[in-house]
Structure formats: C-alpha cells, structure tokens
Amino acid sequence: MSPDPAAGQPPVRDPARDALWAFAAVLVMVAVFVRINVHVPGIGHLGSALIAVVFLYTPSVVARMRGEDVSDYGFVAAPIGRGLVTAGAAMAAIFPLFALGYLAFYEIACDSQLLAHLVPRGMCIRYGGVDSVHWPNLDLAFVEFCLVQLIVVALPEELFFRGFLLGLLERAFPPRRRWWGGGVGKALILSSLAFAVIHLPKDGDPRALATFFPGLLFGWMRSRT
C-alpha cells in the first residue's frame, strides 16, 4: 500500500517510470542545447555547460519528487579506498589495450579503401602514426582541458547515468548476479544503452553508439563501489 501523503509521507513512485521520463526529458534538452554553438568567456562552450547543468540538476529534481536526496544516488566519496583501487585497476588494464587498439585501427583503416568510411572525417590527415606519439604538453591549456573533462563532462554524466539512472533501474530490476562485487543485469544494460543514445544528437554519427561498451564498465564499477 502506498503511504498516505496527508500523513507526511511521499507516495510510492515507480523507479523504472521515473528513470524513463527523466531520461526522455534529458534527451530532448540535450538535443536542443548541443546545437547552441556559442562561446562565453569564463564558461566556454555554452551548449556543453547547459548540458552539464541538466545532468546535475535532473537527479535533484526527481529526488525531491521521490522524497529522496542526491546522496541516495551515490553522489558521495565513500568508499574512497575501494573506489580508487577499482578505478586504478581498470585504467591499468584498459588504457594500454585502448592505446594499442587505437593505433592498430588507424594504421589499418587509413590505408584501406574498404575501412576508410569508418574513420571520422579528417582523422587520417591528422593521424601521424606511432612516430607522432608523445607526452602531452604539461601547460595551463592541458590543466584547463583536464578540469573541463572532470567538472563539465565526467562528474555530471556519471551522477546522472551511473548514480541516478542506474540506481533507479537497479531498484526496479535488481541484478540477479554479481561479478567481482558489481551487479550485472537488465539495469546495467538499459543504463548503458541510454548513455550511448545520449551521444547521438551531437553529430548524428551512429559510431557514437560504441559508448555503450564503456558504459557497461562504468556501471559495473559504480555498482561494485
């Protein structure tokens, strides 16, 4: 039975339905804001900043409707130790494989008429091969880039997709199995699919759907920690 709102308790809400409507609303706003190609001093790309705001505030709005708090969606630092170990192990295992795969793909695709259409436009011209690999220039521009990726891109996206969306979906569809402590099931797949779809409005490039696979990893890491 649903609690009586008159008694001061919020009514029970369907987590799957709240997740669906929240994602639909966010998808529409992202599709609009991604077209705002305006640079604002001190803010940067206005469209990207607005998208970050949407990702940050949507969980807060839905949490208020559900009588919850954003901390219920995992927007907390603890457990720091397990989080750092999990992230460190993932980076140590995946980054070398990604770098090798990146180099191998462009080495083959840029010399192949059959595979050239898989390469983003203009990339083969800029790709310099293994000889062009170098350490990044550790200057203020690099620091600014890292801060933007962390504050404007990573944290808002992770709060929405891994904290809020995956959190609600796991309540509706609890994982039936766990691999090394992380839940694997319908909620992980649906949240990763939503993460992939949200990347389509920017360029309409179907290759953006490949973000489904890192979404699986990020969701598993979130569930584990």
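What is the torsion about the S-S bond of Cys110 and Cys124, and is the disulfide left-handed or right-handed?

A: The torsion about the S-S bond of Cys110 and Cys124 is about -90°, so this disulfide is left-handed. The model is a predicted one, in which local features require pLDDT of at least 70 and side-chain atom pairs count only at pLDDT 80 or more, whereas totals for chains, interfaces and linings use all residues. Residues are numbered from 1 along each chain as its sequence is written, and side-chain values use heavy atoms, with hydrogens and water left out.

A disulfide is a covalent bond between the sulfur atoms of two cysteines. Here the criterion is a pair of cysteine sulfur atoms within 2.5 Å, and by this rule the count comes to 1 disulfide. In the pair Cys110 and Cys124, the sulfur atoms are 2.1 Å apart. Helices (H or I, at least four residues) and strands (E, at least two) are DSSP runs, numbered from the N terminus.

Accessibility is classed as buried under 20% relative accessible area, exposed over 50% and partly exposed in between (1.4 Å probe, protein chains only). Cys110, at 25% relative accessibility, counts as partly exposed, and so does Cys124, at 30%. Cys146 is also partly exposed, with a relative accessible area of 34%.

H3 (residues 80-109) and H8 (residues 212-224) pack at an angle of about 155°, with their axes 10 Å apart; axes are lines fitted to C-alpha atoms, for helices over the stretch in contact, and angles run from 0 to 180 degrees between N-to-C directions. That makes H3 roughly antiparallel to H8, given that angles under 35 degrees count as roughly parallel, over 145 as roughly antiparallel, 65 to 115 as roughly perpendicular and the rest as oblique. H3 passes H8 in a right-handed crossing, the term for a near helix turned clockwise from the far one by less than a right angle, with anticlockwise giving left-handed. With contact meaning heavy atoms within 4.5 Å, Arg82, Thr86, Ala87, Ala90 and Ile94 in H3 meet Leu217, Trp220, Met221 and Arg224 in H8. By class, this contact has 6 nonpolar, 1 polar and 2 charged residues, where Ala, Val, Leu, Ile, Met, Phe, Trp, Tyr, Cys and Pro count as nonpolar, Asp, Glu, Lys and Arg as charged, and the others, Gly among them, as polar.

H8 has a further partner in H6 (residues 186-197): the axes of H6 and H8 come within 8 Å and cross at roughly 135°. H6 is therefore oblique to H8, and the crossing of H6 and H8 is right-handed. Leu188, Ile189, Ser192, Leu193, Phe195 and Ala196 in H6 meet Phe212, Gly215, Leu216, Gly219 and Trp220 in H8. The residues of this contact divide into 8 nonpolar, 3 polar and no charged. Ser192, placed in H6, is buried, with a relative accessible area of 0%. Leaving aside neighbours within four places in sequence, Ser192 is in contact with Phe212, Gly215 and Leu216.

As for the setting, the protein chain has 8 helices and 4 strands, and 29% of its 225 residues count as buried.
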